[in-house]
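Here is a short briefing for a first look at this structure. Keep the sequence and the 3D view open while reading.

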Amino acid sequence: RAERWCGSAIAREPAPTRTAKMSLDFSETYKRTGPTPVFSPDGRFLATAVEYRLVIRDAETLTVCSISSCLDRIHKIEWAPNSDHVLCACYKRGVVQCFSVSDEKWTCLIDEGPAGCVHARWSPNGTHILTVAEFNVRCSVWSLLDKSCVYLRQPKFADRGIEFSPNGKFILVVERRECKDHVSVVSCSSWTTAARFQVATTDLADATWSPDGTAIAVWDAPTEHALHVYRPDGTKLASYEPSSGGAAAGVRVGAWCPRGGLLATGSLDQRARLFSHVSWRMLAELSHPDAVVFPTTVAVYREVEEVDGVLVDSPHPGVLLNDGGEDDDDDAENDAGAANDTALGVGGGRGESTWWEDVWDGHEEGFRAKHPAATGAGSSRAPERSEPSRDPPPRPPQRAGRVTARYVVEPLPASVPTRRPRLTGRSAPAVGVGALAFSGDGRFLATKNDCQPTTVWVWSAISLELCACLQQLRPVTSFGWDPTAHRLAVATGDSRVYVWTPEGASFVEIPLPNFAAEEVAWSPAGGEFVLADRDTFCCSFFGQD
């Protein structure tokens, strides 16, 4: 079993019904590059990329099950629905490679040639792979059964606007023809067009199926706030355009409730809107004010730090929420995004190592016979790539002295750190509700307003009221729900991980040196999630108590 470290924390507050105790176990850190580690759909395996190597680990013990080599650096990893085949996309080379966990001799190589490849994904039945060529020239559907290929012409987008229906029988493709937006519904049995219709958008931004497959929701670009719902045959069911439309209210993101009863959208006007799947009317408009006043049952958690026993009430140095801090936050985010392409060992302070030391965790029984580490073959350095040198993003600033942190519950009305929206400028930060996620059963909705980068809002999808407000010291970089429980994990690029449940909020200090959790990804089986740093990751397991 993987060596684990244990940590726990208590959210201190006067009301005992709001106190939450949490116990988490942490694994060791393992190296990774490129995409965030991905759990298999059944939760048994964890796939990671180390340069051009695909590493499959057991999700429970984290021992290495297999290692496969690709032709170039891996940019995307995706599991097939059967949890046995893995897709690796190497966009710089324009190829997609597939491997099998149960049969290491089985491989697949898809080469798009001069057309290139900018996106790849599995079909729901796991027998086809979709690739999108550069400049969105075409979407290719490759069959793994008979090696045939079908082309879907001129998709508007590469990584969105192409989505399979929940039952896997159809796929929608957003197209742009003669300066008009169209949606094509293609049958997956024959790969022929079942329906094509024009939508009432100026510049369609995205389209998505309802969970029951009976409706397609499309929304316009942020410059125009327009939401339309169609049947798969093109019949319009509903439209929504607020009276105060325009750039101040454009839709940025949308998501369906897993049970299909609600459709949520996040807009530039710092509001999230909930629509009914039955009447298609707007049920609630969830605002994100700079002060929480009601309902009276809401709990506003604020993270505070004490240095040598003295309470520090201000955020970390360099984290500014006023007008002077937008450029700093935006530049830091750009640096963090650029660091995803940083080669292994560049600026990471890890030192030089042989290639199997990059992924080896000391469990020799987890290696396959083809491994130099297992067969005694000589060491070989990973080839150096001629990529421009980039400085890694700065680590979270450190306080001088003994630092302790805790949650305090603010009395109402409670202020929320907010920065003024700014839509213009050389490096204008994002504004409005840019992230939202429903819990696994659709009971709760978590949102993040980019004008309040340190705050996560938790709403009840039943009462349509605010349940909790989590205010961190640093901007939130990632959050996600446990698929099997009412647990919300939050990462802020710091050495702490935060968890909210209906019983309260807690956080745990990650007992790993120089580890700053920037991304969080849950296992589909629940109870376990991955925390990803710039070039390392670890797994966290909830205790049995």
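Glu-519 and Arg-32 are joined by a salt bridge between their side chains, at 3.4 Å from N to O. A salt bridge here is a side-chain nitrogen of Lys or Arg within 4 Å of a carboxyl oxygen of Asp or Glu. The two residues sit 487 residues apart and link distant parts of the chain. The model is predicted: local features need pLDDT of at least 70, side-chain atom pairs count only at pLDDT 80 or more, and totals for chains, interfaces and linings use all residues. Residues are numbered from 1 along each chain as its sequence is written, and side-chain values use heavy atoms, with hydrogens and water left out.

**Salt bridges**

- Across the whole structure, a search finds 22 salt bridges.
- Strands are DSSP runs of E with at least two residues, numbered from the N terminus.
- Arg-32 is buried, with a relative accessible area of 1%. Glu-519 is partly exposed, at 25%. Buried means under 20% relative accessible area, exposed means over 50%, and partly exposed is in between (1.4 Å probe, protein chains only).
- A salt bridge also forms between Arg-73 and Glu-51, with the closest N and O atoms 3.4 Å apart. Arg-73 is in the loop between strand 7 (64-69) and strand 8, and Glu-51 is in the loop between strand 5 (45-50) and strand 6 (53-58). They are 22 residues apart. Both residues are buried.
- Glu-175 pairs with Arg-196 in a salt bridge, the closest N and O atoms being 3.3 Å apart. Glu-175 lies in strand 17 (residues 170-177) and Arg-196 in strand 19, so the pair ties together parts that are 21 residues apart in sequence.
- Glu-175 is buried, with a relative accessible area of 5%. Arg-196 is partly exposed, at 42%.
- Lys-156, Arg-176, Asp-181 and Asp-203 form one network, joined by salt bridges that share partners.

**Ser-478 and its surroundings**

- Ser-478 is part of strand 37 (residues 478-481). This serine is buried, with a relative accessible area of 14%.
- The Ser-478 side chain reaches the backbone nitrogen of Val-520 at 3.3 Å.
- Leaving out residues up to four places away in sequence, Ser-478 touches Ala-489, Val-490, Ala-491, Glu-518, Glu-519 and Val-520. Contact means heavy atoms within 4.5 Å. Glu-519, in this list, is also the salt-bridge partner of Arg-32.

**Nonpolar cores**

- The largest nonpolar core has 22 residues. Such a core is a set of buried Ala, Val, Leu, Ile, Met, Phe, Trp, Tyr and Cys residues joined through side-chain atoms within 4.5 Å.
- Leu-286, Val-292, Phe-438, Leu-445 and Trp-457 touch the most other members of this core.
- Strand 25 (262-267), strand 26 (271-276), strand 27 (282-287), strand 33 (433-438), strand 35 (455-460) and strand 36 (466-471) each supply at least two residues of this core. Strand 33 gives the most, with three residues.
- Neighbours within four places in sequence aside, Leu-286 is in contact with Gln-270, Arg-271, Ala-272, Leu-274, Leu-445, Trp-459 and Leu-464.
- A second, separate core has 19 residues, including Tyr-301, Phe-444, Ala-468 and Val-476.

**Backbone details**

- The peptide bond from Phe-294 to Pro-295 is cis, with omega near -5°. Pro-295 sits in the loop between strand 28 (291-292) and strand 29 (299-307).
- Another cis peptide bond runs from Leu-412 to Pro-413, with omega near -5°. Pro-413 sits in the loop between strand 31 (403-410) and strand 32 (414-415).
- Ser-83 is not a glycine, yet its phi is positive, at about 60°. Ser-83 lies in the loop between strand 8 (76-79) and strand 9 (85-90). Ser-83 is buried, with a relative accessible area of 6%.
- Trp-191 also has a positive phi, near 55°. Trp-191 is in the loop between strand 18 (180-187) and strand 19 (193-198). At 12% relative accessibility, Trp-191 counts as buried.

How values were computed
Helix = DSSP H or I, 4+ residues; strand = E, 2+ residues; numbered from the N terminus. Polar contact = N/O pair within 3.5 Å; in protein donor to acceptor, adjacent residues only side chain to side chain.
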